[in-house]
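Have the model open as you read.

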Amino acid sequence: MSRYTTQIVDSLTTEWFRDQPLLNVILENCFDQVFIKDLSSTLIYANRNLALHYGLKEVDQILGKSDFDFYTAEHAEAMRQEELDLMQTGEPLLAKLYTETWPKGGETFNLCSKLPLRNSDGKIVGLIGFGRDITKDKRREKLIWQHTNNDALTGLPNRNYFVGCLNSSIHEANTGHRYTLLALDIDRFKSFNDSYGHGCGDAILIHVAECIHNNVSDHDIVARAGSDEFLLLIDNQKNKTNIVDLAIKIRSNIQAPFFYQNQQYDISCCIGAAEFPSDALDATDLLKFTEQALYRAKQLGDNQFVFYSPEMTTASIRRQTLIADLKQAVADEQIEVMYQPIISCDTEQLYSVEALARWHHPYYGQISPDEFIQIAEEIGIIAQLDERVFHKMIEAAQQWQTVIDPLPVFSVNVSARSLNTGEDSSSDIINLLSNLNHGKLLKLRLELTEGSLFLPSEKLNDLMGYCSQNQIELALDDFGTGYSALSYLLDFKIDYLKIDKVFIDGLPENSRNLSVCKAIIQMSKSLGIKVIAEGVEQEEQLLALKELGCDYIQGYYFSKPLSSQEMLDRYSA
(Lines give C-alpha, C1' and ligand atoms only; values in the text may rest on other atoms or scores of the structure.)
Protein backbone atom coordinates (compact mmCIF):
# COMPACT_ATOMS: atom_id res chain seq x y z
CA MET A 1 0.00 0.00 0.00
CA SER A 2 1.10 3.58 -0.59
CA ARG A 3 2.20 5.85 2.23
CA TYR A 4 -1.03 7.84 1.72
CA THR A 5 -3.18 4.72 1.97
CA THR A 6 -1.28 3.52 5.01
CA GLN A 7 -1.94 6.82 6.75
CA ILE A 8 -5.67 6.53 6.09
CA VAL A 9 -5.79 2.91 7.23
CA ASP A 10 -3.87 3.75 10.39
CA SER A 11 -6.13 6.70 11.04
CA LEU A 12 -9.29 4.70 10.49
CA THR A 13 -8.02 1.78 12.51
CA THR A 14 -7.17 4.01 15.40
CA GLU A 15 -10.27 6.16 15.17
CA TRP A 16 -12.88 3.46 14.46
CA PHE A 17 -11.75 0.07 15.58
CA ARG A 18 -9.07 0.28 18.26
CA ASP A 19 -11.17 2.67 20.28
CA GLN A 20 -14.41 0.78 19.52
CA PRO A 21 -13.76 -2.96 19.73
CA LEU A 22 -17.50 -3.71 19.84
CA LEU A 23 -17.95 -1.98 16.48
CA ASN A 24 -15.11 -4.06 15.06
CA VAL A 25 -16.76 -7.28 16.28
CA ILE A 26 -20.10 -6.24 14.78
CA LEU A 27 -18.66 -5.38 11.37
CA GLU A 28 -16.60 -8.54 11.21
CA ASN A 29 -19.58 -10.76 12.00
CA CYS A 30 -22.48 -9.00 10.35
CA PHE A 31 -24.29 -10.64 7.48
CA ASP A 32 -23.50 -7.81 5.03
CA GLN A 33 -20.29 -7.07 3.19
CA VAL A 34 -18.61 -3.98 4.61
CA PHE A 35 -15.76 -2.20 2.87
CA ILE A 36 -13.89 1.12 2.71
CA LYS A 37 -12.16 2.51 -0.36
CA ASP A 38 -9.75 5.40 -0.73
CA LEU A 39 -10.01 8.24 -3.23
CA SER A 40 -8.62 6.02 -6.01
CA SER A 41 -11.31 3.40 -5.36
CA THR A 42 -8.80 0.98 -3.79
CA LEU A 43 -9.93 -1.28 -0.94
CA ILE A 44 -8.38 -0.25 2.38
CA TYR A 45 -10.77 -2.09 4.68
CA ALA A 46 -13.03 -5.11 4.22
CA ASN A 47 -14.80 -7.52 6.52
CA ARG A 48 -14.78 -11.30 6.19
CA ASN A 49 -18.04 -11.45 4.21
CA LEU A 50 -16.59 -9.40 1.37
CA ALA A 51 -13.61 -11.75 1.16
CA LEU A 52 -15.97 -14.72 0.99
CA HIS A 53 -17.94 -12.95 -1.73
CA TYR A 54 -14.74 -12.77 -3.79
CA GLY A 55 -14.02 -16.44 -3.08
CA LEU A 56 -11.12 -15.74 -0.69
CA LYS A 57 -10.55 -16.93 2.86
CA GLU A 58 -8.56 -14.03 4.28
CA VAL A 59 -9.32 -10.32 4.29
CA ASP A 60 -5.63 -9.49 3.74
CA GLN A 61 -5.90 -11.05 0.29
CA ILE A 62 -8.10 -8.19 -0.95
CA LEU A 63 -6.71 -5.12 0.81
CA GLY A 64 -4.92 -2.78 -1.55
CA LYS A 65 -6.79 -4.18 -4.55
CA SER A 66 -9.54 -2.74 -6.70
CA ASP A 67 -12.55 -4.07 -8.61
CA PHE A 68 -10.28 -4.67 -11.62
CA ASP A 69 -8.70 -7.55 -9.66
CA PHE A 70 -12.02 -9.37 -9.30
CA TYR A 71 -14.58 -8.42 -11.97
CA THR A 72 -14.51 -8.12 -15.74
CA ALA A 73 -12.81 -4.96 -16.98
CA GLU A 74 -16.06 -3.50 -18.28
CA HIS A 75 -17.88 -4.03 -15.00
CA ALA A 76 -14.93 -2.78 -12.91
CA GLU A 77 -14.57 0.42 -14.96
CA ALA A 78 -18.29 1.18 -14.59
CA MET A 79 -18.00 0.76 -10.80
CA ARG A 80 -14.83 2.94 -10.61
CA GLN A 81 -16.44 5.82 -12.55
CA GLU A 82 -19.53 5.64 -10.35
CA GLU A 83 -17.45 5.74 -7.16
CA LEU A 84 -15.24 8.60 -8.34
CA ASP A 85 -18.39 10.62 -9.09
CA LEU A 86 -19.74 9.83 -5.61
CA MET A 87 -16.54 11.03 -3.93
CA GLN A 88 -16.53 14.22 -6.00
CA THR A 89 -20.19 15.13 -5.48
CA GLY A 90 -20.74 13.67 -2.02
CA GLU A 91 -24.07 12.17 -3.17
CA PRO A 92 -24.58 8.69 -1.68
CA LEU A 93 -25.85 5.66 -3.63
CA LEU A 94 -28.50 3.86 -1.62
CA ALA A 95 -29.79 0.28 -2.14
CA LYS A 96 -28.61 0.00 -5.73
CA LEU A 97 -28.84 -3.42 -7.40
CA TYR A 98 -25.63 -4.45 -9.18
CA THR A 99 -25.43 -7.27 -11.67
CA GLU A 100 -21.85 -8.39 -11.15
CA THR A 101 -20.02 -10.12 -14.01
CA TRP A 102 -16.99 -12.29 -13.35
CA PRO A 103 -13.99 -13.11 -15.59
CA LYS A 104 -14.64 -16.86 -15.32
CA GLY A 105 -18.23 -16.38 -16.39
CA GLY A 106 -21.47 -16.20 -14.53
CA GLU A 107 -23.11 -13.33 -12.75
CA THR A 108 -24.24 -12.49 -9.24
CA PHE A 109 -26.60 -9.87 -7.84
CA ASN A 110 -25.52 -7.52 -5.08
CA LEU A 111 -27.65 -4.94 -3.32
CA CYS A 112 -25.25 -2.21 -2.20
CA SER A 113 -25.22 1.21 -0.57
CA LYS A 114 -22.17 3.52 -0.80
CA LEU A 115 -21.62 6.69 1.18
CA PRO A 116 -18.83 9.30 1.12
CA LEU A 117 -16.34 8.90 3.98
CA ARG A 118 -15.29 12.19 5.62
CA ASN A 119 -12.54 12.99 8.11
CA SER A 120 -12.97 15.10 11.23
CA ASP A 121 -12.69 18.24 9.07
CA GLY A 122 -15.55 17.13 6.85
CA LYS A 123 -13.34 16.46 3.88
CA ILE A 124 -14.14 13.41 1.72
CA VAL A 125 -11.26 10.93 2.08
CA GLY A 126 -12.91 7.86 0.55
CA LEU A 127 -16.16 5.92 0.69
CA ILE A 128 -17.75 3.25 2.84
CA GLY A 129 -19.98 0.57 1.40
CA PHE A 130 -22.44 -2.06 2.61
CA GLY A 131 -23.42 -4.88 0.26
CA ARG A 132 -25.53 -8.00 0.36
CA ASP A 133 -25.43 -10.90 -2.11
CA ILE A 134 -29.05 -11.53 -3.15
CA THR A 135 -28.28 -13.94 -6.01
CA LYS A 136 -30.32 -16.75 -4.44
CA ASP A 137 -33.26 -14.39 -3.95
CA LYS A 138 -33.07 -13.21 -7.56
CA ARG A 139 -32.89 -16.76 -8.86
CA ARG A 140 -35.83 -17.75 -6.69
CA GLU A 141 -37.69 -14.68 -7.93
CA LYS A 142 -36.86 -15.65 -11.52
CA LEU A 143 -38.07 -19.21 -10.92
CA ILE A 144 -41.33 -17.94 -9.43
CA TRP A 145 -41.75 -15.61 -12.40
CA GLN A 146 -41.17 -18.49 -14.80
CA HIS A 147 -43.69 -20.69 -13.00
CA THR A 148 -46.19 -17.84 -13.04
CA ASN A 149 -45.66 -16.78 -16.65
CA ASN A 150 -44.26 -19.79 -18.54
CA ASP A 151 -45.61 -23.17 -19.56
CA ALA A 152 -43.35 -25.83 -18.03
CA LEU A 153 -43.86 -28.37 -20.83
CA THR A 154 -43.24 -26.28 -23.96
CA GLY A 155 -41.22 -23.42 -22.48
CA LEU A 156 -43.60 -20.94 -24.10
CA PRO A 157 -45.27 -18.09 -22.22
CA ASN A 158 -48.57 -19.05 -20.64
CA ARG A 159 -51.96 -17.40 -21.04
CA ASN A 160 -51.42 -15.08 -18.06
CA TYR A 161 -48.24 -13.59 -19.52
CA PHE A 162 -49.65 -13.50 -23.05
CA VAL A 163 -52.74 -11.55 -22.05
CA GLY A 164 -50.51 -9.01 -20.28
CA CYS A 165 -48.42 -8.60 -23.45
CA LEU A 166 -51.56 -8.34 -25.57
CA ASN A 167 -52.97 -5.58 -23.38
CA SER A 168 -49.67 -3.67 -23.43
CA SER A 169 -49.19 -4.04 -27.19
CA ILE A 170 -52.64 -2.73 -28.04
CA HIS A 171 -52.48 0.06 -25.44
CA GLU A 172 -49.17 1.29 -26.88
CA ALA A 173 -50.07 0.78 -30.55
CA ASN A 174 -49.55 3.76 -32.82
CA THR A 175 -52.21 4.96 -35.21
CA GLY A 176 -52.33 2.61 -38.17
CA HIS A 177 -50.47 -0.20 -36.41
CA ARG A 178 -51.99 -3.63 -36.95
CA TYR A 179 -51.93 -6.83 -34.95
CA THR A 180 -53.40 -10.20 -35.84
CA LEU A 181 -54.31 -12.59 -33.05
CA LEU A 182 -54.51 -16.28 -33.91
CA ALA A 183 -55.82 -19.10 -31.72
CA LEU A 184 -54.79 -22.66 -32.62
CA ASP A 185 -56.36 -25.87 -31.33
CA ILE A 186 -55.13 -29.43 -32.01
CA ASP A 187 -57.76 -31.61 -33.64
CA ARG A 188 -58.92 -34.59 -31.55
CA PHE A 189 -56.21 -33.99 -28.97
CA LYS A 190 -58.21 -35.62 -26.16
CA SER A 191 -58.41 -38.86 -28.13
CA PHE A 192 -54.59 -38.92 -28.41
CA ASN A 193 -54.32 -38.63 -24.63
CA ASP A 194 -57.06 -41.17 -23.96
CA SER A 195 -55.89 -43.72 -26.53
CA TYR A 196 -52.09 -43.42 -26.39
CA GLY A 197 -51.37 -41.87 -23.01
CA HIS A 198 -50.24 -38.48 -21.75
CA GLY A 199 -46.64 -39.12 -22.81
CA CYS A 200 -47.78 -39.13 -26.42
CA GLY A 201 -49.99 -36.09 -25.79
CA ASP A 202 -47.08 -34.15 -24.27
CA ALA A 203 -44.84 -35.03 -27.23
CA ILE A 204 -47.51 -33.73 -29.62
CA LEU A 205 -47.79 -30.46 -27.68
CA ILE A 206 -44.02 -29.93 -27.84
CA HIS A 207 -44.05 -30.73 -31.58
CA VAL A 208 -46.85 -28.23 -32.26
CA ALA A 209 -45.14 -25.54 -30.14
CA GLU A 210 -41.96 -25.95 -32.20
CA CYS A 211 -43.87 -25.82 -35.48
CA ILE A 212 -45.50 -22.54 -34.47
CA HIS A 213 -42.35 -20.97 -33.05
CA ASN A 214 -40.31 -21.83 -36.14
CA ASN A 215 -42.69 -19.91 -38.41
CA VAL A 216 -43.02 -16.60 -36.58
CA SER A 217 -40.61 -13.68 -36.20
CA ASP A 218 -38.85 -12.43 -33.08
CA HIS A 219 -41.38 -9.59 -32.85
CA ASP A 220 -44.30 -12.02 -32.53
CA ILE A 221 -45.46 -13.65 -29.29
CA VAL A 222 -46.48 -17.31 -29.01
CA ALA A 223 -48.07 -18.84 -25.91
CA ARG A 224 -49.63 -22.07 -24.79
CA ALA A 225 -52.96 -20.82 -23.53
CA GLY A 226 -54.50 -24.04 -22.28
CA SER A 227 -54.53 -27.82 -22.67
CA ASP A 228 -54.06 -27.92 -26.45
CA GLU A 229 -54.69 -24.30 -27.39
CA PHE A 230 -51.99 -21.89 -28.51
CA LEU A 231 -52.17 -18.11 -29.03
CA LEU A 232 -50.09 -16.11 -31.52
CA LEU A 233 -49.87 -12.31 -31.60
CA ILE A 234 -48.52 -11.30 -35.00
CA ASP A 235 -47.03 -7.81 -35.09
CA ASN A 236 -47.49 -6.71 -38.67
CA GLN A 237 -48.51 -4.21 -41.29
CA LYS A 238 -49.53 -7.07 -43.55
CA ASN A 239 -52.80 -7.92 -45.26
CA LYS A 240 -54.94 -11.00 -44.74
CA THR A 241 -53.18 -12.86 -47.54
CA ASN A 242 -49.95 -12.84 -45.52
CA ILE A 243 -51.76 -14.17 -42.47
CA VAL A 244 -53.39 -16.94 -44.53
CA ASP A 245 -49.95 -17.89 -45.86
CA LEU A 246 -48.61 -18.03 -42.30
CA ALA A 247 -51.51 -20.22 -41.16
CA ILE A 248 -50.99 -22.57 -44.09
CA LYS A 249 -47.26 -22.89 -43.28
CA ILE A 250 -47.98 -23.66 -39.63
CA ARG A 251 -50.66 -26.23 -40.48
CA SER A 252 -48.39 -27.82 -43.08
CA ASN A 253 -45.54 -28.16 -40.57
CA ILE A 254 -47.86 -29.65 -37.96
CA GLN A 255 -49.19 -32.17 -40.50
CA ALA A 256 -45.69 -33.36 -41.42
CA PRO A 257 -45.02 -36.98 -40.33
CA PHE A 258 -44.64 -37.06 -36.55
CA PHE A 259 -43.23 -40.05 -34.70
CA TYR A 260 -43.40 -40.93 -31.03
CA GLN A 261 -41.83 -44.17 -29.81
CA ASN A 262 -41.44 -45.39 -33.40
CA GLN A 263 -45.12 -44.88 -34.21
CA GLN A 264 -46.40 -42.28 -36.65
CA TYR A 265 -49.27 -39.98 -35.70
CA ASP A 266 -51.34 -37.83 -38.03
CA ILE A 267 -51.80 -34.41 -36.44
CA SER A 268 -53.82 -31.46 -37.68
CA CYS A 269 -55.17 -28.26 -36.16
CA CYS A 270 -57.82 -25.58 -36.51
CA ILE A 271 -56.99 -21.87 -36.41
CA GLY A 272 -59.15 -18.81 -35.78
CA ALA A 273 -58.00 -15.24 -36.32
CA ALA A 274 -59.10 -11.67 -35.60
CA GLU A 275 -57.40 -8.32 -36.32
CA PHE A 276 -56.73 -5.12 -34.43
CA PRO A 277 -58.08 -2.55 -35.05
CA SER A 278 -60.41 -3.67 -37.87
CA ASP A 279 -62.22 -6.32 -35.78
CA ALA A 280 -61.65 -5.08 -32.23
CA LEU A 281 -60.28 -1.98 -30.51
CA ASP A 282 -59.22 -3.58 -27.23
CA ALA A 283 -57.53 -6.77 -26.06
CA THR A 284 -60.63 -8.25 -24.43
CA ASP A 285 -62.72 -8.11 -27.60
CA LEU A 286 -59.82 -9.20 -29.80
CA LEU A 287 -59.31 -12.31 -27.69
CA LYS A 288 -63.04 -13.02 -27.57
CA PHE A 289 -63.49 -12.65 -31.34
CA THR A 290 -60.47 -14.84 -32.04
CA GLU A 291 -61.93 -17.58 -29.85
CA GLN A 292 -65.22 -17.28 -31.73
CA ALA A 293 -63.38 -17.69 -35.03
CA LEU A 294 -61.59 -20.76 -33.64
CA TYR A 295 -64.87 -22.27 -32.50
CA ARG A 296 -66.33 -21.75 -35.97
CA ALA A 297 -63.26 -23.39 -37.53
CA LYS A 298 -63.70 -26.44 -35.27
CA GLN A 299 -67.37 -26.65 -36.23
CA LEU A 300 -66.34 -26.96 -39.87
CA GLY A 301 -64.17 -30.00 -39.12
CA ASP A 302 -60.47 -30.81 -38.89
CA ASN A 303 -57.69 -28.64 -40.35
CA GLN A 304 -59.75 -25.46 -40.83
CA PHE A 305 -58.77 -21.77 -40.74
CA VAL A 306 -61.35 -19.02 -40.23
CA PHE A 307 -61.19 -15.23 -39.90
CA TYR A 308 -63.61 -13.55 -37.52
CA SER A 309 -66.80 -11.99 -38.87
CA PRO A 310 -69.47 -10.05 -36.92
CA GLU A 311 -72.01 -12.83 -37.55
CA MET A 312 -69.95 -15.02 -35.22
CA THR A 313 -70.77 -12.75 -32.28
CA THR A 314 -74.46 -13.27 -32.93
CA ALA A 315 -73.86 -17.02 -33.10
CA SER A 316 -71.82 -16.86 -29.89
CA ILE A 317 -74.59 -15.01 -28.06
CA ARG A 318 -77.04 -17.67 -29.24
CA ARG A 319 -74.71 -20.40 -28.07
CA GLN A 320 -74.20 -18.87 -24.61
CA THR A 321 -77.97 -18.50 -24.28
CA LEU A 322 -78.51 -22.13 -25.27
CA ILE A 323 -75.84 -23.30 -22.80
CA ALA A 324 -77.57 -21.56 -19.89
CA ASP A 325 -81.07 -22.55 -20.98
CA LEU A 326 -80.16 -26.19 -21.75
CA LYS A 327 -78.92 -26.71 -18.20
CA GLN A 328 -82.26 -25.46 -16.94
CA ALA A 329 -84.23 -27.43 -19.54
CA VAL A 330 -82.57 -30.71 -18.55
CA ALA A 331 -82.99 -29.96 -14.84
CA ASP A 332 -86.68 -29.07 -15.30
CA GLU A 333 -87.38 -32.02 -17.64
CA GLN A 334 -88.27 -29.77 -20.57
CA ILE A 335 -86.59 -32.15 -23.03
CA GLU A 336 -89.19 -34.18 -24.91
CA VAL A 337 -88.63 -37.63 -26.34
CA MET A 338 -90.14 -38.58 -29.70
CA TYR A 339 -90.20 -42.03 -31.27
CA GLN A 340 -89.59 -42.76 -34.95
CA PRO A 341 -90.89 -46.16 -36.08
CA ILE A 342 -88.52 -48.64 -37.69
CA ILE A 343 -90.39 -50.97 -40.04
CA SER A 344 -89.68 -54.51 -41.19
CA CYS A 345 -89.06 -54.64 -44.94
CA ASP A 346 -90.72 -58.04 -45.21
CA THR A 347 -93.94 -57.33 -43.33
CA GLU A 348 -93.98 -53.53 -43.31
CA GLN A 349 -95.00 -53.84 -39.67
CA LEU A 350 -93.62 -51.96 -36.67
CA TYR A 351 -90.42 -53.61 -35.44
CA SER A 352 -88.71 -51.00 -33.25
CA VAL A 353 -88.59 -47.29 -32.45
CA GLU A 354 -85.71 -44.89 -32.20
CA ALA A 355 -85.96 -42.55 -29.20
CA LEU A 356 -85.08 -38.98 -30.25
CA ALA A 357 -84.54 -36.09 -27.83
CA ARG A 358 -86.27 -32.85 -28.85
CA TRP A 359 -85.95 -29.36 -27.39
CA HIS A 360 -88.26 -26.46 -28.18
CA HIS A 361 -86.57 -23.24 -27.03
CA PRO A 362 -88.95 -20.42 -26.00
CA TYR A 363 -87.06 -17.86 -28.14
CA TYR A 364 -85.16 -19.78 -30.83
CA GLY A 365 -87.82 -22.41 -31.40
CA GLN A 366 -86.96 -26.01 -32.25
CA ILE A 367 -83.25 -26.64 -31.66
CA SER A 368 -81.51 -29.27 -33.77
CA PRO A 369 -80.46 -32.33 -31.73
CA ASP A 370 -77.01 -32.10 -33.35
CA GLU A 371 -76.64 -28.65 -31.80
CA PHE A 372 -77.96 -29.19 -28.28
CA ILE A 373 -76.47 -32.67 -27.83
CA GLN A 374 -73.04 -31.29 -28.75
CA ILE A 375 -73.54 -28.52 -26.18
CA ALA A 376 -74.62 -31.08 -23.57
CA GLU A 377 -71.41 -33.03 -24.21
CA GLU A 378 -69.20 -29.96 -23.99
CA ILE A 379 -70.69 -28.61 -20.75
CA GLY A 380 -70.78 -32.01 -19.07
CA ILE A 381 -74.53 -32.67 -18.77
CA ILE A 382 -74.79 -35.43 -21.39
CA ALA A 383 -75.21 -38.01 -18.60
CA GLN A 384 -78.25 -36.12 -17.24
CA LEU A 385 -79.68 -35.85 -20.76
CA ASP A 386 -79.19 -39.58 -21.33
CA GLU A 387 -80.91 -40.30 -18.04
CA ARG A 388 -83.87 -38.14 -19.05
CA VAL A 389 -84.25 -40.02 -22.34
CA PHE A 390 -84.03 -43.45 -20.70
CA HIS A 391 -86.60 -42.56 -18.04
CA LYS A 392 -89.01 -41.32 -20.72
CA MET A 393 -88.54 -44.59 -22.65
CA ILE A 394 -89.41 -46.59 -19.54
CA GLU A 395 -92.53 -44.47 -19.05
CA ALA A 396 -93.50 -45.06 -22.68
CA ALA A 397 -92.94 -48.81 -22.38
CA GLN A 398 -95.17 -48.92 -19.30
CA GLN A 399 -97.93 -47.11 -21.23
CA TRP A 400 -97.57 -49.24 -24.36
CA GLN A 401 -97.04 -52.73 -22.96
CA THR A 402 -100.70 -53.67 -22.73
CA VAL A 403 -101.74 -51.78 -25.87
CA ILE A 404 -99.04 -52.21 -28.53
CA ASP A 405 -98.37 -55.87 -29.23
CA PRO A 406 -95.64 -56.85 -29.68
CA LEU A 407 -93.83 -54.10 -27.78
CA PRO A 408 -91.20 -52.64 -30.13
CA VAL A 409 -87.48 -52.66 -29.43
CA PHE A 410 -86.37 -49.27 -28.03
CA SER A 411 -83.32 -47.94 -29.86
CA VAL A 412 -81.37 -44.97 -28.45
CA ASN A 413 -78.28 -43.06 -29.59
CA VAL A 414 -75.23 -43.12 -27.33
CA SER A 415 -72.43 -40.66 -28.08
CA ALA A 416 -68.73 -41.37 -27.68
CA ARG A 417 -68.63 -38.70 -24.94
CA SER A 418 -71.34 -40.57 -23.00
CA LEU A 419 -69.21 -43.69 -23.04
CA ASN A 420 -66.02 -41.92 -22.02
CA THR A 421 -67.00 -39.73 -19.08
CA GLY A 422 -66.20 -42.09 -16.22
CA GLU A 423 -62.90 -41.91 -14.35
CA ASP A 424 -62.62 -45.70 -14.18
CA SER A 425 -63.26 -48.32 -16.84
CA SER A 426 -67.02 -48.26 -16.23
CA SER A 427 -68.69 -45.53 -18.25
CA ASP A 428 -71.62 -43.45 -17.09
CA ILE A 429 -73.97 -45.06 -19.60
CA ILE A 430 -73.32 -48.49 -18.07
CA ASN A 431 -73.93 -47.14 -14.58
CA LEU A 432 -77.11 -45.48 -15.81
CA LEU A 433 -78.41 -48.69 -17.37
CA SER A 434 -77.56 -50.62 -14.21
CA ASN A 435 -79.40 -48.15 -11.99
CA LEU A 436 -82.49 -48.00 -14.20
CA ASN A 437 -83.34 -51.61 -13.44
CA HIS A 438 -85.47 -51.80 -16.58
CA GLY A 439 -85.48 -55.59 -16.33
CA LYS A 440 -87.64 -57.32 -18.90
CA LEU A 441 -89.92 -54.32 -19.40
CA LEU A 442 -88.28 -53.12 -22.58
CA LYS A 443 -85.81 -54.56 -25.02
CA LEU A 444 -82.97 -52.11 -25.69
CA ARG A 445 -80.71 -51.38 -28.64
CA LEU A 446 -77.83 -48.90 -28.27
CA GLU A 447 -76.82 -47.00 -31.40
CA LEU A 448 -73.11 -46.14 -31.47
CA THR A 449 -71.36 -43.82 -33.88
CA GLU A 450 -68.28 -45.08 -35.69
CA GLY A 451 -66.22 -42.66 -33.61
CA SER A 452 -67.20 -44.64 -30.49
CA LEU A 453 -65.18 -47.59 -31.78
CA PHE A 454 -62.01 -45.54 -31.35
CA LEU A 455 -62.45 -45.31 -27.59
CA PRO A 456 -59.84 -46.99 -25.36
CA SER A 457 -60.32 -50.75 -25.58
CA GLU A 458 -61.26 -51.18 -21.91
CA LYS A 459 -64.21 -48.83 -22.36
CA LEU A 460 -65.53 -50.79 -25.34
CA ASN A 461 -64.89 -54.14 -23.69
CA ASP A 462 -66.86 -53.05 -20.63
CA LEU A 463 -69.76 -51.92 -22.82
CA MET A 464 -69.76 -55.03 -25.00
CA GLY A 465 -69.62 -57.27 -21.95
CA TYR A 466 -72.47 -55.47 -20.23
CA CYS A 467 -74.67 -55.53 -23.31
CA SER A 468 -74.02 -59.22 -23.90
CA GLN A 469 -74.90 -60.11 -20.30
CA ASN A 470 -78.10 -58.05 -20.38
CA GLN A 471 -79.41 -58.92 -23.88
CA ILE A 472 -78.93 -55.37 -25.15
CA GLU A 473 -78.41 -55.11 -28.91
CA LEU A 474 -75.80 -52.86 -30.52
CA ALA A 475 -76.17 -50.90 -33.75
CA LEU A 476 -73.51 -48.96 -35.66
CA ASP A 477 -75.11 -45.66 -36.70
CA ASP A 478 -74.43 -43.60 -39.86
CA PHE A 479 -72.28 -46.36 -41.30
CA GLY A 480 -69.91 -45.22 -44.03
CA THR A 481 -69.88 -41.51 -43.14
CA GLY A 482 -67.26 -41.68 -40.39
CA TYR A 483 -64.05 -43.63 -39.98
CA SER A 484 -65.39 -46.80 -41.65
CA ALA A 485 -62.96 -49.04 -39.81
CA LEU A 486 -64.26 -52.36 -41.13
CA SER A 487 -61.90 -54.32 -38.90
CA TYR A 488 -63.97 -53.26 -35.88
CA LEU A 489 -66.91 -55.25 -37.26
CA LEU A 490 -64.76 -58.33 -36.72
CA ASP A 491 -63.47 -57.31 -33.30
CA PHE A 492 -66.82 -56.38 -31.74
CA LYS A 493 -70.25 -57.98 -31.80
CA ILE A 494 -72.40 -55.54 -33.74
CA ASP A 495 -76.02 -56.60 -34.31
CA TYR A 496 -77.12 -53.87 -36.76
CA LEU A 497 -75.65 -51.46 -39.29
CA LYS A 498 -77.59 -48.31 -40.12
CA ILE A 499 -77.07 -46.99 -43.65
CA ASP A 500 -76.94 -43.20 -43.54
CA LYS A 501 -79.50 -41.12 -45.44
CA VAL A 502 -76.75 -39.71 -47.67
CA PHE A 503 -76.56 -43.11 -49.43
CA ILE A 504 -80.35 -43.52 -49.63
CA ASP A 505 -80.92 -40.20 -51.41
CA GLY A 506 -81.25 -40.64 -55.18
CA LEU A 507 -82.13 -44.35 -55.09
CA PRO A 508 -82.57 -46.15 -57.36
CA GLU A 509 -81.44 -43.74 -60.13
CA ASN A 510 -78.11 -42.88 -58.50
CA SER A 511 -76.05 -45.91 -59.47
CA ARG A 512 -73.13 -45.08 -57.17
CA ASN A 513 -75.39 -44.84 -54.10
CA LEU A 514 -77.11 -48.02 -55.17
CA SER A 515 -73.75 -49.80 -55.40
CA VAL A 516 -72.72 -48.59 -51.93
CA CYS A 517 -76.01 -49.77 -50.39
CA LYS A 518 -75.67 -53.13 -52.12
CA ALA A 519 -72.11 -53.59 -50.86
CA ILE A 520 -73.05 -52.68 -47.26
CA ILE A 521 -76.02 -55.04 -47.25
CA GLN A 522 -74.11 -57.95 -48.77
CA MET A 523 -71.17 -57.49 -46.39
CA SER A 524 -73.52 -57.28 -43.39
CA LYS A 525 -75.38 -60.43 -44.31
CA SER A 526 -72.11 -62.34 -44.68
CA LEU A 527 -71.20 -61.24 -41.12
CA GLY A 528 -74.65 -62.03 -39.69
CA ILE A 529 -75.43 -58.34 -39.14
CA LYS A 530 -78.90 -56.90 -39.85
CA VAL A 531 -79.30 -53.66 -41.81
CA ILE A 532 -81.49 -50.62 -41.14
CA ALA A 533 -81.80 -47.97 -43.88
CA GLU A 534 -82.34 -44.41 -42.59
CA GLY A 535 -84.02 -41.50 -44.34
CA VAL A 536 -86.33 -43.50 -46.62
CA GLU A 537 -88.84 -40.98 -47.99
CA GLN A 538 -90.10 -42.45 -51.28
CA GLU A 539 -91.67 -45.72 -52.38
CA GLU A 540 -88.99 -46.16 -55.07
CA GLN A 541 -86.32 -46.10 -52.35
CA LEU A 542 -88.22 -48.70 -50.33
CA LEU A 543 -88.58 -51.02 -53.33
CA ALA A 544 -84.92 -50.71 -54.25
CA LEU A 545 -83.84 -51.51 -50.68
CA LYS A 546 -86.21 -54.49 -50.51
CA GLU A 547 -84.68 -55.83 -53.68
CA LEU A 548 -81.19 -55.44 -52.22
CA GLY A 549 -82.25 -57.45 -49.17
CA CYS A 550 -82.38 -54.67 -46.56
CA ASP A 551 -83.94 -55.81 -43.28
CA TYR A 552 -85.51 -52.65 -41.82
CA ILE A 553 -86.59 -49.19 -42.96
CA GLN A 554 -86.71 -45.90 -41.08
CA GLY A 555 -87.89 -42.62 -42.56
CA TYR A 556 -90.70 -40.23 -43.41
CA TYR A 557 -92.12 -42.61 -46.00
CA PHE A 558 -93.60 -44.55 -43.10
CA SER A 559 -93.63 -42.00 -40.31
CA LYS A 560 -92.06 -38.89 -38.84
CA PRO A 561 -91.06 -39.04 -35.15
CA LEU A 562 -94.16 -39.40 -32.96
CA SER A 563 -94.98 -38.56 -29.38
CA SER A 564 -95.75 -41.38 -26.96
CA GLN A 565 -99.50 -40.71 -27.31
CA GLU A 566 -99.28 -40.58 -31.12
CA MET A 567 -97.60 -43.98 -31.05
CA LEU A 568 -100.49 -45.31 -28.99
CA ASP A 569 -103.03 -43.82 -31.38
CA ARG A 570 -101.34 -45.31 -34.45
CA TYR A 571 -100.15 -48.71 -33.26
CA SER A 572 -102.57 -49.78 -30.54
CA ALA A 573 -104.00 -53.25 -31.14
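Where is the place of Ala95? Ala95 belongs to strand β3, which covers residues 93–101; strands here are DSSP runs of E with at least two residues, helices are runs of H or I with at least four, and both are numbered from the N terminus. Before going further, note that this is a predicted model, where local features need pLDDT of at least 70, side-chain atom pairs count only at pLDDT 80 or more, and totals for chains, interfaces and linings use all residues. Residues are numbered from 1 along each chain as its sequence is written, and side-chain values use heavy atoms, with hydrogens and water left out.

Back to Ala95: its phi is near 50°, a positive value in a residue other than glycine. Ala95 is also exposed, at 51% relative accessible area (exposed means over 50%, buried under 20%, and partly exposed in between, using a 1.4 Å probe and protein chains only). Glu348 has a positive phi too, about 55°, and is not a glycine either. Look for Glu348 in the loop between β13 (336–344) and β14 (350–361); with 35% relative accessible area, Glu348 is partly exposed.

Now for the rings. The structure holds 18 aromatic pairs, where rings of Phe, Tyr and Trp (its six-membered ring) pair if their centres lie within 6.5 Å; planes under 30 degrees apart are stacked, over 60 edge-to-face, and the rest tilted. One of them joins Tyr179 and Phe276, with centres 6.4 Å apart and planes at 45°, so this pair is tilted. Tyr179 sits in strand β6 (residues 178–186) and Phe276 in strand β11, so the pair ties together parts 97 residues apart in sequence. Tyr179 is buried at 8% relative accessibility, and Phe276 is buried at 9%.

Tyr557 and Phe558 make an edge-to-face pair, 5.1 Å from centre to centre with 85° between the planes. Tyr557 is partly exposed at 32%, and Phe558 is partly exposed at 22%. Elsewhere, Tyr54, Phe70, Tyr71 and Trp102 gather into one aromatic cluster.

Finally, some charges sit over rings (NZ of Lys or CZ of Arg within 6 Å of the ring centre and within 35 degrees of the ring normal). Arg318 has its charged end over the ring of Tyr364, 4.8 Å from the centre, and the charged end of Arg445 sits over the ring of Tyr496, 4.4 Å from its centre.
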